[in-house]
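Okay, thanks for coming, everyone.

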Amino acid sequence: MLSFRTEIENPIVEKDIIELEKKIHQYQSGGLDEDGFRSLRLARGIYGQRQQGVQMIRIKLPYGRLSSEQLIRIADVSDKYSTGRLHITTRQDIQIHYVSLDKTPELWAELERDDITLREACGNTVRNVTASEMAGIDPEEPFDVTPYADAVFRFFLRNPVCQELGRKFKISFSSSDSDSALSYMHDLGFIPKVRNENSVETRGFKVLIAGGLGSQPRHADTIFEFLESDRVIPFIESVLRIFDRYGERNRRARARMKHLIGNLGIEQFKKLLEEEQKTLSTKFFPIDPTETARTFSVTDDKEIPQVQIKDQNKFEAWRTSNVINQKQPGLFAIGIKVRLGDFFTDKARSLADLVKSYASNEIRLTIGQGILIRDVPERLIPFFYQELKLLDFADPGYKSTLDITSCPGTDTCNLGIASSTGLSRVLESTLLEEFPQFVNDKSLNIKISGCMNSCGQHSIAAIGFYGMSIKNGNVVIPGFQILLGGTNKGDGNARFADKVIKIPSKRGPQALRILLTDYEASKNPEESFADFYVRKGKAYFYQLLKPLSDLSDPEKDLAIDWGHSETYVKAIGVGECAGVVIDLVTTLLFETEEKLANSEEAISEKRWADSIYHSYSALLNTAKAVLIGENIKTNTQVGIIRDFDKYFVDSGLLELDSSFSDLIYQIKKNEPGEKFARHYREEAVKFYEHIDALRKNNLENE
């Protein structure tokens, strides 16, 4: 079956890649249906594009960290299997597009040679763990959160507790109280804190839970003001177990963590956390703060290359907006503003060579779709400017108003309604030509999404846009909803932007022009745009922008979106970013066999907690298959367990030694160990065989 050599030393990774290739062949030969295959490929970072027959590949880069070798490897893979374009996401990943499905196992194998994974980059899993790009060098940080973010990423990668969640799950680590990793909009957000008692320093985190964006943004709740660092991973595991069991499965719009907390409330959720403690794989998980920590120091043995700055004013403007003091004396970080998050492999290789030769051989991708070079000695700053200028990477305005965040929109995404990238380009031109004074404004940010799902994070922007269509008679016009007033207040506090008005896409530059001109004319000294918005009020801005929504005498080009030459046609595909997969009975039972095999393998490797969770999933899958076969809803795991007893055990249709709930909930009453792992698997096998025999008998008698 295998059509290429993986050359991967890690047997777990090799097995994963070989399994993907087998599943692709099975799918293409008709042995696996679309729904069953979709969930598997999404969990391997393979996402269907708007264009038929090609895939987007999302490369999972924990906290956006990349070595030069890894960046070169990604560039090589993009050239070989894609178009040579790399796209930085708002979750510090890299995406490449237009990849043939057949080539994805081979592509993945090549990435793994430099410890780069696709695993769980998409789908209903724990997504990429993000962190402040300044972690480890932030002058305001109490400690470097990098080792903690890394430990969380590694602990939950391939962890059975989070392979088939009801929806995606997002985790962030901020470096300081400035909360630059945006804890308030995550399922779990961590802000570092230090406690000093009796001259003993204890590291920990303020923890926020159940934040989210999308069509209904929700500010996360504070669940702990201080959680000791060695309790972070057990806490996350217990949260995931509860989310897996109680979270919605079928109604996609209600399946995120924010809805579960909204239904249960924080206090009830805390009670469930306590109940989970016995089942956890570990009660405490100490994290070595020296793991993945910085080892770079300033040396004077590097020869200073000859530099000739032709325009000193441009250099100083760039230095003011893009060069950042590190907490390490003598070292600086350099921010790169990457337009639309897109750059090409030739520049990637040159950048990799530059940071390997003259910095710390490390870059961090940012949640604003930029790049941060770290550990640059002060004497080399002019040289870096010169080299970055050759790469077109020396535009001033890093993380400023001019640094617009945008998702790919209708370029490649199935859910895109309007061209977010097209609007982004024209707004950037408007800023450069008419409002260059905003090059150093770090508080007024602009973010654009092609639809309401907020991949461009429009809900947290001072000025946000999300794509929509506007009907004017028989004509459909591409448009954007304008949102105003979003801001990050720090320490887990924020204000989401308000929806103000819908306007045609082509009037986006006029809207920006009106907003910024009014702001500059009417603001108080040192007043941010978000504060200005609150002071003036939503009604004021609605009236200010209302003329732009008037379609009584529309211009001819309003029906043509930015970057297009033909009349707009609203075309939305089936989104896969967090879709719920409703499997057929046979697919579910087939998956049960795989879970039982995984449980047995985990026992052989003495991974007791993993084996137990695989057995739990096998029991649940089997019950779900039976319920689906009778057209009974399977919205949540607790609902599956309850209804299986109600319709089959309590009614006498199925005879078990106990109730199904007693059988499956043994997982909550026993600590993970060899004896229980073996017993629980035997119970799961017995239950599956009983159900499978009854099903086959029923099929034969039909």
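Let's start with Asp342, which is buried, with a relative accessible area of 19%. Buried here means under 20% relative accessible area, exposed means over 50%, and partly exposed is in between, with a 1.4 Å probe and protein chains only. Quick housekeeping: this is a predicted model, where local features need pLDDT of at least 70, side-chain atom pairs count only at pLDDT 80 or more, and totals for chains, interfaces and linings use all residues. Residues are numbered from 1 along each chain as its sequence is written, and side-chain values use heavy atoms, with hydrogens and water left out.

Back to Asp342. That residue sits in strand β13; strands are DSSP runs of E, at least two residues, helices are runs of H or I, at least four residues, and both are numbered from the N terminus. What does Asp342 touch, leaving aside its neighbours within four places in sequence? The answer is Arg85, Leu86 and His87, where contact means heavy atoms within 4.5 Å.

Leu340 has a positive phi of about 60 degrees although it is not a glycine. Its relative accessibility is 8%, so Leu340 counts as buried. Arg158 is another non-glycine with a positive phi, about 65 degrees, and you'll find Arg158 in the loop between α5 (146-156) and β7 (171-173). For context, most residues other than glycine have a negative phi.

Now helix packing. Take α3 (residues 68-81) and helix α10 (residues 345-358): they pack at an angle of about 165 degrees, with their axes 9 Å apart. Axes are lines fitted to C-alpha atoms, for helices over the stretch in contact, and angles run from 0 to 180 degrees between N-to-C directions. So α3 is roughly antiparallel to α10; the cut-offs are under 35 degrees for roughly parallel, over 145 for roughly antiparallel, 65 to 115 for roughly perpendicular, and oblique for the rest. The crossing of α3 and α10 is left-handed, meaning the near helix is turned anticlockwise from the far one by less than a right angle; clockwise would be right-handed.

On the α3 side, the contact includes Leu71, Ile72 and Ala75, and on the α10 side, Ala348, Leu351, Ala352 and Val355 are among the residues. By class, the contact of α3 with α10 has seven nonpolar, three polar and six charged residues. The classes go like this: Ala, Val, Leu, Ile, Met, Phe, Trp, Tyr, Cys and Pro are nonpolar, Asp, Glu, Lys and Arg are charged, and the others, Gly among them, are polar.

α3 also packs on helix α4 (residues 104-112), where the axes come within 9 Å and cross at roughly 160 degrees. That makes α3 roughly antiparallel to α4 as well. Which hand does the crossing of α3 and α4 have, left or right? It's right-handed. Arg73, Ile74, Val77, Lys80 and Tyr81 of α3 meet Glu106, Leu107, Glu110 and Leu111 of α4. That contact of α3 with α4 divides into five nonpolar, no polar and four charged residues.

One more helix pair: α1 (residues 11-28) and α2 (residues 34-42) have axes that come within 11 Å and cross at roughly 160 degrees. α1 and α2 are therefore roughly antiparallel, and α1 passes α2 in a left-handed crossing. Glu19, Leu20, Lys23, Ile24 and Tyr27 in α1 meet Glu34, Phe37 and Leu40 in α2.

On to the rings. The structure holds 34 aromatic pairs, counting rings of Phe, Tyr and Trp (its six-membered ring) with centres within 6.5 Å; planes under 30 degrees apart are stacked, over 60 edge-to-face, and the rest tilted. Tyr519 and Phe529 have ring centres 5.3 Å apart and planes at 75 degrees, so that pair is edge-to-face. Tyr519 lies in α13 (residues 508-522) and Phe529 in α14 (residues 529-536), so the pair ties together parts 10 residues apart in sequence. Both are buried. Tyr533 and Phe541 form a tilted pair, 5.2 Å centre to centre with 40 degrees between the planes. Ring pairs link these four, along with Phe435, Phe438, Phe532 and Tyr540, into a cluster.

Last stop: Phe687, in helix α21 (residues 674-701). At 3% relative accessibility, Phe687 counts as buried. Phe687 and Thr622 are 65 residues apart in sequence and 8.1 Å apart in space, C-alpha to C-alpha. Beyond its neighbours within four places in sequence, the contacts of Phe687 include Leu619, Thr622, Phe644 and Phe660.
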